[in-house]
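Morning, everyone. I'll take you through one model today, starting with its pockets. Have a look at it first.

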Amino acid sequence: MSDKQQLRKWAKQRRSEIQWDNGLLCQKLQQTKEYKQAKNIMIFYPLEGEVSLLSLLKDETKQFYLPKIEGENLLCCSFKEGEELCESCFKTLEPLTEACDKNLIDLVIVPALCCDRQNYRLGYGGGFYDRFLKDYTGKTAVCIPKELIVETVFPEYHDIKSDLVIC
């Protein structure tokens, strides 16, 4: 088992043992200049055990987007609270709306199993967000409980560092 595989296993287990306040993480994010300056924000629909940022959808001063998987690619699609979602092949909920240009998005909130002190995140291993963010020009953030900050996530050449980590 690789270092990353072991870390994923540890993070999933650790995540199941801790409690965090989704509302507080949302408040801390909303207090950042990156959030305040953003008009278009991509969040994610949480899997079981993930941080939920869905309460942000109540902020009518912002336009929100959710990711949609198409083959090997991650697309961003506009989403408003109450709109219909469908289940993807990865059991995530995705919008039914059409994809837009990712560079219309000012801030992408990226899911993570854990993060390191250099702002690298460990995802689930599919590489979707790293491919999506490769030529993305906006800001990125991760919202995660402090108990899931580690020394290193063993970043590789293709891994994209987040601009901001909110604990």
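One definition before we start: Ala, Val, Leu, Ile, Met, Phe, Trp, Tyr, Cys and Pro count as nonpolar, Asp, Glu, Lys and Arg as charged, and the others, Gly among them, as polar. The model is a predicted one, so local features need pLDDT of at least 70, side-chain atom pairs count only at pLDDT 80 or more, and totals for chains, interfaces and linings use all residues. Residues are numbered from 1 along each chain as its sequence is written, and side-chain values use heavy atoms, with hydrogens and water left out.

Now the largest pocket. A pocket here is an open set of points on a 1 Å grid over the protein atoms alone, where a 1.4 Å probe fits, with protein on both sides within 12 Å along at least five of seven lines; lining residues have an atom within 4 Å of a point. Its volume is the space filled by probe spheres set on the points, with grid points joined across faces, edges and corners. The largest pocket holds about 590 Å³. Its lining has 28 residues, and Arg121, Tyr124, Gly126, Phe128 and Tyr129 lie nearest the centre. Two or more lining residues come from each of α1 (3-17), β2 (63-70), β5 (93-95), β9 (121-122) and α4 (128-133). Helices (H or I, at least four residues) and strands (E, at least two) are DSSP runs, numbered from the N terminus. By class, the lining has 13 nonpolar, six polar and nine charged residues.

Next, the second largest pocket. About 160 Å³ of space lies there. Its lining includes Leu57, Asp59, Phe64 and Phe79. Three of the lining residues are nonpolar, one is polar and six are charged.

Then the fold as a whole. There are four helices and twelve strands. What radius of gyration does the protein have? Taken over C-alpha atoms, the value is 15 Å, which agrees with the figure near 15 Å for a compact globule of 167 residues. The globule rule is 2.2 Å times the number of residues to the power 0.38. The C-alpha trace spans about 40 × 35 × 30 Å along its principal axes. Of the 167 residues, 46% are buried, meaning under 20% relative accessible area, with exposed over 50% and partly exposed in between (1.4 Å probe, protein chains only).

Last, one residue. Glu147 sits in the loop between β10 (139-143) and β11 (149-150). Glu147 counts as partly exposed because its relative accessibility is 27%. Leaving out residues up to four places away in sequence, Glu147 touches Trp10, Arg14 and Ile18, where contact means heavy atoms within 4.5 Å.
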